[in-house]
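I opened the model to look up a few features. My notes follow, entry by entry.

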Amino acid sequence: MRFIPAIAATVLFTIPAIAAPLTSEQTRAVEALIEKTLTEKPELVVDAFKAYQEKQQAAENEQRNSAIADVNEKLKNDTSVPYAGNPNGSVTLVQFYDYNCGYCHKLAPTIMELEKEDKDLKVVFIDFPILGPSSITAAKMALAFNLQQPKKYADFFNAIMTAGRAIDEDLLLSTAKSLGADVDRLKRDADGEEVKARIDQNMKYANALQVRGTPAMLIGNEFVPGAVDKAHLEEIIAKKRQ
């Protein structure tokens, strides 16, 4: 087992500094004992790995929870972030998405249904392009559209997410044009500093919340990773209003 020396090294480094260093013979004995134990009880490796994962997850959750209040406070004052629904809603649903994310496509209609049906909900859109160059292009185009038509951003988002085809520049530009955008200005703005700053800020929000993939949501003070069904989202929103 090639990993035995590495495990042994870990064990040795955990011995208190006041202990005398082990001799080569003692080190080999420790390695042999570890190998024998793992051979006879391989479930110890699984249990140790699970314990490690749980510890890492707990640390990540603690870090995320400490950042949630700060992110929510910053979003309240972030006037350039796209949103839909009631700007003074009692609950805010913040969604992180990538336009090339299949699960985001499935979740998008649910988000927009909630926004239409719940008049006391604010939906915040965080473009989080992590799936390659075309995702960055889509995010830049979308945010450039928001500079011109902020009240129609949700319409743009919904149209792209439900287009049922590959997301390319033709789709982005034709959708923007159909919603009243100046396409020439949109192209210029997509490569401008304002859009770049918006994406940079989105990345900071995602990093603070330990967002590892899309979709992900922040509803009040609760982080919701992955795509979930409408009933579950309604339950979380109702709980936040209590």
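I count two strands as paired if DSSP finds at least two bridges between them. Strands (E, at least two residues) and helices (H or I, at least four) are DSSP runs, numbered from the N terminus.

**Basis.** This is a predicted model, where local features need pLDDT of at least 70, side-chain atom pairs count only at pLDDT 80 or more, and totals for chains, interfaces and linings use all residues. Residues are numbered from 1 along each chain as its sequence is written, and side-chain values use heavy atoms, with hydrogens and water left out.

**Sheet.** I looked up the strand order. The sheet is open, has five strands and reads β1-β3-β2-β4-β5, with mixed pairing. β1 (83–85) and β5 (222–225) are the edge strands; each has a single partner, so one side of each lacks a neighbour in the sheet. On average, neighbouring strands are turned by 20° against each other, direction ignored. I then checked β4 with β5. They run antiparallel and are joined by four bridges. Leu218 faces Phe223 of β5.

**Helix on the sheet.** Which strands does α4 lie across? I found β1, β2 (91–97), β3 (121–127) and β4, with α4 running at about 150° to β3. Angles run from 0 to 180 degrees between N-to-C directions, and axes are lines fitted to C-alpha atoms, for helices over the stretch in contact. Thr110 is in α4, residues 102–117. Is Thr110 buried or exposed? Thr110 is buried, at a relative accessible area of 15%. Buried means under 20%, exposed over 50%, partly exposed in between (1.4 Å probe, protein chains only). Leaving out residues up to four places away in sequence, Thr110 touches Lys230 and Leu233. Contact here means heavy atoms within 4.5 Å.

**Helix pair.** I turned to α5 (residues 133–148) and α7 (residues 169–178). Their axes are 10 Å apart and the packing angle is about 10°. That makes α5 roughly parallel to α7, a label for angles under 35 degrees. From α5, Thr137, Ala138, Met141 and Phe145 meet Glu169, Leu172, Leu173 and Ala176 of α7. I sorted the contact residues: six nonpolar, one polar and one charged. Nonpolar covers Ala, Val, Leu, Ile, Met, Phe, Trp, Tyr, Cys and Pro; charged covers Asp, Glu, Lys and Arg; the others, Gly among them, are polar.

**Backbone in the loop.** Most residues other than glycine have a negative phi, and most peptide bonds are trans. I looked at the loop between α9 and β4, where Gln210 is found. Phi of Gln210 is positive, near 60°. Gln210 is buried, with a relative accessible area of 9%. Pro215 lies in the loop between α9 (193–208) and β4 (216–219). The peptide bond joining Thr214 and Pro215 is cis, with omega about -5°.

Note on methods
Angles under 35 degrees count as roughly parallel, over 145 as roughly antiparallel, 65 to 115 as roughly perpendicular and the rest as oblique.
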